[in-house]
Amino acid sequence: MIQLPEVNLSTSTLNALADYQQEIDLQETYAEQVAEAARIWPSRKRNRPFGEVRQALSQMCSGPHRCGYCEDSMGDEIEHIWPKSFFPERTFLWENLLDACG
């Protein structure tokens, strides 16, 4: 994987991501956290803060919307570096997101 430049998000976007993450963190068991992450990720990633997330991820790419893993294909999806299916506590952490090819 390539080294990505650091790009900061606004406080309001970071707060929104933290609020989404709290919905997962409030679940009592690991299995419930995994299920909640899988349930809310698809709907939340279309909400307002993700416009800024997508813009910031694009700035981090080596070229126009390039995949953060292979640098060859179009990075058209927001992907998790640490998979949400194993690390639900990192589902909405800014440091865990990158553009990736499908």
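Angles under 35 degrees count as roughly parallel, over 145 as roughly antiparallel, 65 to 115 as roughly perpendicular, and the rest as oblique. Keep that handy for the helix pairs on this tour.

Before you click, note that this is a predicted model: local features need pLDDT of at least 70 and side-chain atom pairs count only at pLDDT 80 or more, while totals for chains, interfaces and linings use all residues. Residues are numbered from 1 along each chain as its sequence is written, and side-chain values use heavy atoms, with hydrogens and water left out.

**Stop 1: H1 against H3**

Select residues 11–25 for helix H1 and 49–60 for helix H3. Helices here are DSSP runs (H or I, at least four residues), numbered from the N terminus. The two pack at an angle of about 115 degrees, their axes 9 Å apart; axes are lines fitted to C-alpha atoms over the stretch in contact, and angles run from 0 to 180 degrees between N-to-C directions. H1 and H3 are therefore roughly perpendicular to each other. The crossing of H1 past H3 is left-handed, a label used if the near helix is turned anticlockwise from the far one by less than a right angle, with right-handed for clockwise.

Now show side chains. On the H1 side, the contact (heavy atoms within 4.5 Å) is made by Thr13, Ala16, Leu17 and Tyr20, and on the H3 side by Pro49, Phe50, Glu52 and Val53. By class, that gives six nonpolar, one polar and one charged residue. For the classes, Ala, Val, Leu, Ile, Met, Phe, Trp, Tyr, Cys and Pro count as nonpolar, Asp, Glu, Lys and Arg as charged, and the others, Gly among them, as polar.

Zoom in on Thr13, which lies in H1. Is Thr13 buried or exposed? At 0% relative accessibility, Thr13 counts as buried; the cut-offs are under 20% relative accessible area for buried, over 50% for exposed and partly exposed in between (1.4 Å probe, protein chains only). Leaving out residues up to four places away in sequence, Thr13 touches Arg48, Pro49, Glu52 and Val53.

**Stop 2: H1 against H2**

H1 passes H2 in a right-handed crossing. From H1, look for Tyr20, Glu23, Ile24 and Asp25; from H2, Gln33, Glu36, Ala37, Ile40 and Arg44 complete the contact. The class count for H1 with H2 is four nonpolar, one polar and four charged.

Pick Arg44 next. Arg44 counts as buried at 17% relative accessibility. Its side chain makes a polar contact with the side chain of Ser43 at 2.9 Å. (A polar contact is a pair of N or O atoms within 3.5 Å; within protein, one must be able to donate a hydrogen and the other to accept it, and residues adjacent in sequence count only if both atoms are side-chain atoms.) Beyond neighbours within four places in sequence, Arg44 is in contact with Tyr20, Glu23, Phe50 and Phe92.

Elsewhere in H2, select Glu32. Glu32 is partly exposed, with a relative accessible area of 37%, and its side chain reaches the backbone nitrogen of Glu28 at 3.2 Å.

**Stop 3: before H1**

Finish at Val7, in the segment before H1. Val7 counts as buried at 15% relative accessibility. Which residues does Val7 touch, not counting those up to four places away in sequence? They are Ala56, Gln59, Met60 and Trp94.
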